[in-house]
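Here are some exercises to work through with the model open beside you. Try each task before you read its solution.

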Amino acid sequence: MAAIETEGLERTFKGGLTAVAGVDLAVREGEVYGFLGPNGAGKTTTVRMLVTLLRPTGGRATVAGHDVAREPDAVRRRIGVALQEAALDPLMTGRELVELQATLHGISPARVRGRARELLERVDLLDAQDRRVGTYSGGMKRRLDLALALIHEPAVLFLDEPTTGLDPVSRMTLWDEVRRLKAAGTTVFLTTQYLEEADQLADRVGIIDGGRLVAEGTPAELKAEAGHARLDLTFAAGGDGPDLEAAAAALRPFGTPAPGTDGTHLRLALPGGAAEIAPIVRALDEAGVELRGLQVVQPTLDDVFVARTGHRLDPEEPRADAAAGPR
Amino acid sequence: MTRVVAALARRALRTTARRPQFVAPLVLFPTLFLAANVGGLTRATSLPGFPPVPSFLDFQLAGSLTQALLLGGVASGIAIALEIEMGFFDRLLAAPIPRVAIVLGRLCAAAVVALGQVAWFLAVDLAFGGSVEGGPLGALAVAAIGVVAGVGFGATGITIALLARNVATVQGVFPLVFVILFGSSAFFPRDLLQSPAREVARYNPLSLIADGLRDPLVGPVSAGPVLEGLAAAGGVAVVMTAACVLALRRRLARA
Amino acid sequence: MTGRARIVLWLGRRGLNEVLRVPGASIPGVLAPTIFLLGLTSMFGAAARLPGFTADDFATFIVPVGMLQGAAFSGAATGVNLARDIERGWFDRLLLVPAPRLTLLAGIVASAALRSLLPSSVVFAAGLLIGVPWPGLGATALAFALVMGLALGLACYATTLALAFRTQQAAPLMQMGGFVLVLFTPAFAPEDLLAGWMHAIATVNPVTYVLEGARQGFVGDVTWPRTWPALAALGGMLALLGSLAVRGMRRTGR
């Protein structure tokens with residue numbers, strides 16, 4: 001059975017804006033599904049429909065076997081949702097929040113305390129449990145949010161941009177937790193703007209743009225589809241710069257090289273993979289072209305994105321983000 | 001300098017107009033309070049000792065106008081405190097403009113808001129059967145006292161904001177507006193107030209301002225109360241603007 | 001205790017955090033009705049000498065008004081806090097809970113009834129301190145019960161606005177409702193002394209009957225003919241404003 005299934009899912013807002021224009025998804029049980037897309041692509045609207053916060057205006061969706069529009073409570077019982085960071089009450093302590101969440105989910109009073117302790121321990125917040133959430137760091141808040149989402153052992157977990165704005169260490173901790181959940185059989189629906197995150201965690205990836213699913217598959221499939229690995233060649237500068245023409249001529253038997261930006265590079269597609277490297281180097285050597293360096297570049301999800309949508313996935317990559325300092 | 005002040009004043013007015021939740025209290029609450037008082041206590045004019053006035057509305061109006069002007073002062077303070085919290089104030093300080101222009105711009109805006117409040121309450125008075133007994137000259141007198149008082153209250157609010165540097169404290173001043181107003185002759189004749197409000201009202205400059213605003217509304221303009229009101233409003237304006245500039249200097253010295 | 005009752009209790013408790021955990025923040029709301037009581041008494045006290053005024057002194061007459069103002073403040077604050085929770089995303093978390101929307105709504109507004117006890121008790125105590133006679137245990141209990149009921153009703157009103165506008169900018173609208181409802185009544189003078197138009201509004205304003213009910217014991221004795229209209233008016237307000245809030249709650253996400 002599919003954990004999440006949608007058919008022609010649609011949402012048009014009052015002003016006439018169609019944020020989601022017919023999305024078909026099928027997420028298998030136990031799978032980590034990465035849902036990629038830039039801001040405004042319809043990512044958040046899709047998630048809000050799947051978690052029963054927004055009614056679809058067209059099509060249908062079932063989550064954990066229940067229809068989101070007709071049986072919202074049944075869906076709510078089976079899913080966990082980690083929302084954006086700010087959705088925590090700064091005046092409450094971590095423990096109070098977890099205990100409140102347990103009560104809201106109908107966990108019996110006798111078990112509330114134990115369950116709260118168990119989860120706080122799991123996300124490593126036992127030491128901070130009696131402090132008000134307002135004093136927590138960004139990473140601690142995300143971990144607490146995750147604990148809240150897991151309180152009722154959901155079959156399907158929705159993580160909405162779980163690592164946006166996190167430092168690299170907190171990001172790794174969260175990634176590890178997602179892997180643990182997957183190992184325990186939880187289905188994870190992960191939205192993210194970070195290609196690297198989807199690549200690292202997701203079994204399959206769906207790319208949404210302009211309210212439509214434009215690509216879907218395993219990261220490897222998608223990357224293979226986007227093209228071959230490339231060989232990036234750097235040549236030594238001679239008197240008037242490197243002789244790129246001679247190099248290009250020597251490379252002709254292997255394909256049509258494309259010049260790089262600064263006049264010392266050539267790029268060449270590698271349809272045969274790494275096995276082709278040795279003959280290429282030999283040919284260059286025979287032509288007397290001095291090679292400074294070479295690198296095999298694998299296609300990325302970004303390439304897939306560009307190929308499918310015609311534009312780049314906009315936001316800065318995680319590393320640049322973390323370099324901007326803590327928030 | 002004039003151009004900078006004008007530009008800052010325009011900006012202050014624009015942001016005020018774009019925050020309906022700040023504008024509403026400036027006229028709506030005093031107007032509703034006016035309606036509640038007049039509707040409930042309209043017979044008060046028949047109390048022995050109540051001065052002869054055309055109607056209780058005419059009498060109350062000056063009190064509500066004073067209240068509105070005071071709330072306008074709090075709003076100016078909140079606006080400055082918000083700018084300090086958001087860091088915009090520091091950007092202004094870093095700009096190559098005279099520092100005093102920042103305060104003057106805000107005070108010019110306060111004057112414009114005060115004029116609007118005067119116009120609103122005069123319109124309410126006329127719309128609901130009241131009268132401006134003093135005629136056009138009387139209306140002019142009300143506008144003059146109102147604008148000067150508005151600047152004075154604005155300077156008070158800004159001074160508090162510059163010293164406190166946070167919105168919450170300035171908002172905490174809100175109830176105080178009522179306290180100082182209740183200890184004045186703004187809403188009821190001083191001789192009919194209960195002790196100790198009666199004694200406090202005697203020395204409360206708000207009594208002079210409200211009585212000055214009231215005089216042209218309830219009878220022919222008489223120089224005494226109007227000039228006293230103008231003097232009291234002017235006194236508040238001068239003293240508080242000076243305090244405001246001092247507070248700005250202090251803030252700069254510390255920064 | 002059932003699961004639903006526990007949810008209401010928890011959410012109600014959370015609503016009290018604003019009062020208990022932010023020292024200072026609640027002081028203006030708690031003190032405002034008392035400042036009004038003291039200020040209005042010192043200003044308008046002479047009005048009690050008007051022929052036809054039903055109380056011996058003005059403070060006694062308006063203590064119940066101040067208590068109902070406390071209810072109005074608490075009701076509006078509930079809506080403002082909900083709007084803030086919606087802005088911050090906390091409300092989404094609540095909507096994700098597999099509990100009836102009615103239970104969640106009850107939890108949100110329940111805190112208003114409890115919170116209203118704080119400002120109204122301060123008004124009541126201040127009144128006794130300045131010489132308002134003790135109205136009797138029954139009258140006091142009735143007054144506080146009506147305060148809590150009105151707070152609940154006005155919390156439903158403010159909640160409806162919060163759900164419709166989804167922003168704290170709607171706060172003045174929430175505050176104005178209670179302000180008008182409480183003061184456009186025989187708040188400052190007995191019905192017969194009101195201006196004609198005010199008399200007309202007061203007659204159709206349900207809070208007039210709630211106020212007259214709460215005023216018993218302060219002015220006159222507690223009697224059934226003045227008690228049942230208060231309860232009926234409050235019941236009607238709760239039914240109307242409550243169903244509006246329920247409708248607003250059901251419509252979220254549509």
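**Exercise 1.** Is Arg179(A) buried, partly exposed or exposed?

*Solution.* Begin with the cut-offs: buried means under 20% relative accessible area, exposed means over 50%, and partly exposed lies in between (1.4 Å probe, protein chains only). Arg179(A) has 35% relative accessibility, so Arg179(A) counts as partly exposed.

Before going on, two notes on the ground rules. This is a predicted model, in which local features need pLDDT of at least 70 and side-chain atom pairs count only at pLDDT 80 or more, while totals for chains, interfaces and linings use all residues. Residues are numbered from 1 along each chain as its sequence is written, chains are lettered from A and ligands numbered from 1 in the order in which they are written, and side-chain values use heavy atoms, with hydrogens and water left out.

**Exercise 2.** Which parts of chain A does the salt bridge between Glu31(A) and Arg204(A) tie together?

*Solution.* First check the distance: the two side chains meet at 2.5 Å, N to O. Then look at burial: Glu31(A) is buried at 5%, and Arg204(A) is buried at 12%. Finally, widen the view: Arg28(A), Glu31(A), Arg204(A) and Glu216(A) are linked in a network of salt bridges.

**Exercise 3.** Compare the surroundings of Glu177(A) and Arg122(A), whose side chains meet in a salt bridge.

*Solution.* The N to O distance is 2.9 Å. Glu177(A) lies in helix α6 (residues 168-183) and Arg122(A) in helix α4 (residues 109-122), 55 residues apart. Glu177(A) counts as buried at 6%, whereas Arg122(A) counts as partly exposed at 34%.

**Exercise 4.** Describe what Thr191(A) touches and where its side chain reaches.

*Solution.* Start with the setting: Thr191(A) lies in strand β8 (residues 187-192) and is buried, at 1% relative accessibility. Contact means heavy atoms within 4.5 Å. Leaving out residues up to four places away in sequence, Thr191(A) touches Phe35(A), Lys43(A), Val47(A), Leu159(A), Asp160(A), Glu161(A) and Pro162(A). Now the polar contacts (N or O atoms within 3.5 Å; within protein, one must be able to donate a hydrogen and the other to accept it, and residues adjacent in sequence count only if both atoms are side-chain atoms). The Thr191(A) side chain makes one with the side chain of Asp160(A) at 2.8 Å, and it reaches the backbone nitrogen of Glu161(A) at 3.0 Å.

**Exercise 5.** How many residues of α5(A) are buried, and what covers them?

*Solution.* Ten of the twelve residues are buried; among them are Met140(A), Leu144(A) and Leu148(A). The cover includes β6 (79-82), α3, α4, β7 (156-160) and α6 of chain A, together with α4 (90-95) of chain C.

**Exercise 6.** Describe how chain A meets chain C.

*Solution.* Count the residues: 34 of chain A are in contact with 24 of chain C. Next comes the buried area (the accessible area, 1.4 Å probe, that two parts lose on being put together, summed over both). The value is about 2,800 Å², with carbon and sulfur atoms giving 58%. Leu53(A), Leu91(A) and Leu104(A) supply 22% of the area that chain A buries there, more than any other three residues. Last, the charges: there are four salt bridges between these chains, and Asp92(C) meets Arg48(A) in a salt bridge at 2.9 Å, N to O.

Definitions and conventions: Helices (H or I, at least four residues) and strands (E, at least two) are DSSP runs, numbered from the N terminus.
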